[in-house]
Amino acid sequence: PEEFNSSLDLLVLPGGADIAPHESGGRLSMYVGNQNPMLEFFDNKTLPKYIDSGVPIFGICRGAQRLWTMHGGAYLQDFPGHSQSDYKTDLAHELFYKSKQLPQLKVTSRHHQAMMIGKEDESLDVIISEDGNVEAFTFGNIVGVQYHPEDNGPNDWFTPQLISALLDRKEINSFTDFLPQK
């Protein structure tokens, strides 16, 4: 995990164990699940090198949460009442961008930790679920999605566009270019 390869076309940070509470300003509680020390080590020692070098990064679930917290985003260790997918391919959330529902796009939900919009985050370009959970964000060449795109099925018209843009080394400062135009 200490190895660094600046020639990567795209670094994908997958889902996985919970983020250790001390990494996001939280405290250990009965609501925090297992953590993965190797991922925490990578996040702290190697991931900053990829961020600083400009390698495009796509974070999924835990990977997105970690990128969000590294950029100072508000974070909940446990989000009671958050709707979940009963099965990994069940689509649970409608998505919203600037208060408008995204047409024909629902995503999976298999997490209890959540990226939230704090006062300092209000200017960020985000896509949210109906309960206010951040489901996607962008910081130029870094994109994170809370959902699992590998489980969304063929109706996910959104995620492949984001990945293609990152592979083409395009800066994504707004999701506007990736959304259907009326």
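Reply: Here is a walk through the sheet, strand by strand, and then its surroundings.

This is a predicted model, where local features need pLDDT of at least 70, side-chain atom pairs count only at pLDDT 80 or more, and totals for chains, interfaces and linings use all residues. Residues are numbered from 1 along each chain as its sequence is written, and side-chain values use heavy atoms, with hydrogens and water left out.

Start with the whole chain. The protein chain has 4 helices and 9 strands. Both are DSSP runs, numbered from the N terminus: helices are H or I with at least four residues, strands are E with at least two. Read from the N terminus, the order is β-α-α-β-α-β-β-β-β-β-β-β-α. Of its 182 residues, 46% count as buried. Buried means under 20% relative accessible area, exposed over 50%, and partly exposed in between, with a 1.4 Å probe and protein chains only.

Now the sheet. It is open and holds 7 strands, in the order β1-β2-β9-β8-β7-β4-β5. The pairing is mixed. Two strands pair if DSSP finds at least two bridges between them. β1 (11–13) and β5 (100–107) stand at the edges with a single partner strand each, so one side of each has no neighbour in the sheet. From one strand to the next, the twist averages 20°. Axes here are lines fitted to C-alpha atoms, for helices over the stretch in contact, and angles run from 0 to 180 degrees between N-to-C directions.

β1 and β2 are parallel, with 3 bridges. Leu-13 stands opposite Gly-59 of β2. β2 is also parallel to β9, over 4 bridges. There, Phe-58 has Val-143 of β9 as its bridge partner.

β8 and β9 run antiparallel and are joined by 3 bridges. Phe-137 has Gly-144 of β9 as its bridge partner. The hairpin of these two strands has 3 residues between them, and Gly-140 takes a positive phi near 75° there. β7 (residues 126–129) and β8 (residues 134–138) are antiparallel as well, again over 3 bridges. Ile-128 has Val-134 of β8 as its bridge partner.

What happens on the two faces? In a regular strand the side chains alternate between the two faces of the sheet. In β2, Ile-57 and Gly-59 point one way and Phe-58 and Ile-60 the other, and all are buried. β9 is covered on both faces too. Ile-142 and Gly-144 are buried on one side, Val-143 and Val-145 on the other.

Contact means heavy atoms within 4.5 Å.

Helix α4 (residues 159–167) lies across β2 and β9, at about 150° to β2. Thr-159, Leu-162, Ala-165 and Leu-166 of α4 are buried. Seen down the axis, the buried residues of α4 fall within an arc of 130°, so they line one face of the helix. That arc is taken from the directions from the helix axis to the C-beta atoms. The cover over these residues includes β2 and β9. Just after α4, Arg-169 takes a positive phi of about 65°.

Last, the cores. A nonpolar core is a set of buried Ala, Val, Leu, Ile, Met, Phe, Trp, Tyr and Cys residues joined through side-chain atoms within 4.5 Å. The largest one has 22 residues, and Ile-127 and Phe-158 have the most contacts inside it. β2, β4 (93–97), β5, β9 and α4 each give it two or more residues. Leaving aside neighbours within four places in sequence, Phe-158 is in contact with Leu-105, Ile-127, Ala-136, Tyr-147, Phe-175, Phe-178 and Leu-179. A second, separate core has 16 residues, including Val-55, Ile-57, Leu-67 and Phe-139.

Of the contacts in the protein chain with a separation of 6 or more, 65% come from residues 24 or more positions apart.
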